[in-house]
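Work through these exercises with the structure open beside you. Try each task before reading its solution.

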Amino acid sequence: MHNGVVKLDGCSLTIEDVVRVARYNAKVELDEGALEAVEKASALVAEWASGNDVIYGINTGFGDLATVPISRKDRRQLQENLLKSHACGIGEPFDEETVRAIMLLRINTLIRGHSGIRVSTLQRLTDYLNSGIHPVIPSQGSVGSSGDLCPLSHLAITLLGLGEVFHQGRRQPVRRVLRKLGMTPLSLEAKEGLALNNGTTVMTAIAALAVYDGYNTAKIADIAACISLEALHGVPYAFDERTHVLRPYHGQLTVASNVRRIVSGSQIIEKFKKNRVQDAYSLRCVPQVHGASRDALDYVRDKVAVEINAVTDNPLIFVDDREAISGGNFHGQPIALAMDFFGIAMAELANISERRVARLVDGALSGLPPFLINESGLNSGFMIPQYAAASVVSENKVLAHPSSVDSIPTSANQEDHVSMGTYGARKGRMILNNTRKVLAIELLTAAQALDFSILLEPGKGTRAAYDSIRSAVPFLKHDDYIHPLIRRVIELMDRSEVLHAVEEAVGVLD
């Protein structure tokens, strides 16, 4: 993916841009025109902070303490206290890729000019991102409304010289890094603490990276299914375009087309297609099952595309009307529901993949040697990789329970309905990672099974996928240490080598 420079104006960021910055370290620039709106809002907040009009978060407490007035002399301290008290996360820290996505999305929402932050504060956050200063942000502690208060506070306190960061591969106190780079900690003005820690940024950052990887995973699922189809001497009739135009879901049509292209030219399918008219559901219904997950991904992508360019803090500043409006854009429900759906969609790709693996290793169903190994009995072959896949699939079934249905009241019942969207995003990513492990097991197992039809040429795409797998793992003639082989296939997937090999052979998959 081309790095380049991503210019932020708060309106035009794409999911691909998030990946470029978070994963491939593309630099970011702030749009000059957008910064004018930031300056105007900041000036208006400064004017309000010196007055006596009651405005939430500027001269009041927070949450259930919104009725407590804050004196003029304490209004700067209010912002610092907010971040210190709210930075109480627990659990393992987010990886640096996720932290970079969080930082990027926070900058992108603040540059819209509805939050009251100063340009200098926004520029410091941008400098952090471009310099590879990544705050240590614990992964647990957000209920997804008012946004991601706890993890975003861990991001924001580093601007004050508090907390830790990852920099150049080391976890260290932020003050040490700032001294090394000639930077000094910031002092926040009115509203800036609240602008930094209120919003759906963390859940959306996780979601953006997950949905990007979800599409590649869906393509790998199609490829894995095709290798299994050929290894099991499946028939092509269920993928006939005429069937799918009668039920024209976009995902179903896409997957059926992918399968036809991947297995095109297969001598195996041509030889065995007269033996029977249909296969088991895990083969025959690949377009319907994989396709439904594709349609779910499309839904999630659309929600994430909106959210990465949304303003989600509170209150929102409207300069032209000289008004601050307290609303609920910080509520994570849109992302919470979407990421619950994402998790279910990914879990289904793993469910049906494991069923194909089970057929591959069952000699009574496959017609292949039991557990895909010669001298079975002396050798266990691929018996236990199917166990491992079944184990992870069962984990996914628990993780796929929707988190968005489990609201829990906070802040003395002022914040009495929350989204749990951040956990929804986190577990969606866990399900995605588990699904990729199951697909790696299917790729490994199906390649072994395909070797028993080696005298017949598989389809163009199937052959390309098989060759890619065989570049990393051998055919097993007898039992060997299998864990490293699974690991190698996962690494092939992570580098997109299997996908690229297939696309070179049959064109870009949809």
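A residue counts as buried when its relative accessible area is under 20%, and as exposed when that area is over 50%. Keep in mind that this is a predicted model.

**Exercise 1. Is T200 buried or exposed? Which residues does T200 contact?**

Step 1. Find T200 in the loop between α8 (192-197) and α9.

Step 2. Take the relative accessibility of T200, which is 2%. The cut-off for buried is under 20%. T200 therefore counts as buried.

Step 3. Leave aside the neighbours within four places in sequence. T200 is then in contact with G147, D148, E307, T312, N329, F330, H331 and G332.

Step 4. Now look at V259, 59 residues from T200 along the chain. The C-alpha atoms of T200 and V259 are separated by 38 Å.

**Exercise 2. How many residues of helix α1 are buried, and what do they pack against?**

Step 1. Locate α1 at residues 15-24.

Step 2. Seven of the ten residues of α1 are buried, and the helix is mostly covered. The buried ones are I15, D17, V18, V19, R20, V21 and A22.

Step 3. These buried residues pack against two strands, β1 (5-8) and β2 (27-30). They also pack against the helices α4 (96-110), α5 (119-131), α9 (201-231) and α14 (286-307).

Step 4. Check what follows α1. N25 comes after the helix, and its phi is positive, near 60 degrees.

**Exercise 3. Which residues touch the most other members of the largest nonpolar core?**

Step 1. The largest nonpolar core here has 133 residues. V18, I223 and L443 touch the most other members.

Step 2. Ask where the core residues come from. α9 gives the largest share, 20 residues.

Step 3. Follow I223. Not counting residues up to four places away in sequence, I223 touches I262, L443, A465, V498, L499, V502 and L509.

Step 4. Another core, of nine residues, lies apart from the largest one. Its members include A41, W48, I55 and I58.

**Exercise 4. At what angle do α9 and α19 pack?**

Step 1. Two packed helices are described by the angle between their axes and the distance between the axes.

Step 2. For α9 and α19 the angle is about 100 degrees, and the axes are 10 Å apart.

Step 3. Angles of 65 to 115 degrees count as roughly perpendicular. α9 and α19 are therefore roughly perpendicular to each other.

Step 4. α9 makes the contact with I223, C226, I227 and E230, and α19 with T462, A465 and I469. Sorted by type, the contact residues are five nonpolar, one polar and one charged.

Step 5. S468 also sits in α19 (residues 460-470). At 9% relative accessibility, S468 counts as buried. Beyond four places in sequence, S468 touches L492, E497, V498 and A501.

**Exercise 5. How are α15 and α17 oriented to each other?**

Step 1. The axes of α15 (residues 333-361) and α17 (residues 383-399) come within 9 Å and cross at roughly 155 degrees.

Step 2. Angles over 145 degrees count as roughly antiparallel. α15 and α17 are therefore roughly antiparallel to each other.

Step 3. From α15, the contact uses A347, A350, N351, E354, R355, V357, A358 and V361. From α17, it uses Q386, A389, A390, V393, N396 and K397.

Step 4. The contact residues of α15 and α17 divide into eight nonpolar, three polar and three charged.

Notes. Residues are numbered from 1 along each chain as its sequence is written. This is a predicted model: local features need pLDDT of at least 70, side-chain atom pairs count only at pLDDT 80 or more; totals for chains, interfaces and linings use all residues. Side-chain values use heavy atoms; hydrogens and water are left out. Axes are lines fitted to C-alpha atoms, for helices over the stretch in contact, and angles run from 0 to 180 degrees between N-to-C directions. Helices (H or I, at least four residues) and strands (E, at least two) are DSSP runs, numbered from the N terminus. Angles under 35 degrees count as roughly parallel, over 145 as roughly antiparallel, 65 to 115 as roughly perpendicular and the rest as oblique. Contact means heavy atoms within 4.5 Å. Ala, Val, Leu, Ile, Met, Phe, Trp, Tyr, Cys and Pro count as nonpolar, Asp, Glu, Lys and Arg as charged, and the others, Gly among them, as polar. Buried means under 20% relative accessible area, exposed over 50%, partly exposed in between (1.4 Å probe, protein chains only). A nonpolar core is a set of buried Ala, Val, Leu, Ile, Met, Phe, Trp, Tyr and Cys residues joined through side-chain atoms within 4.5 Å.
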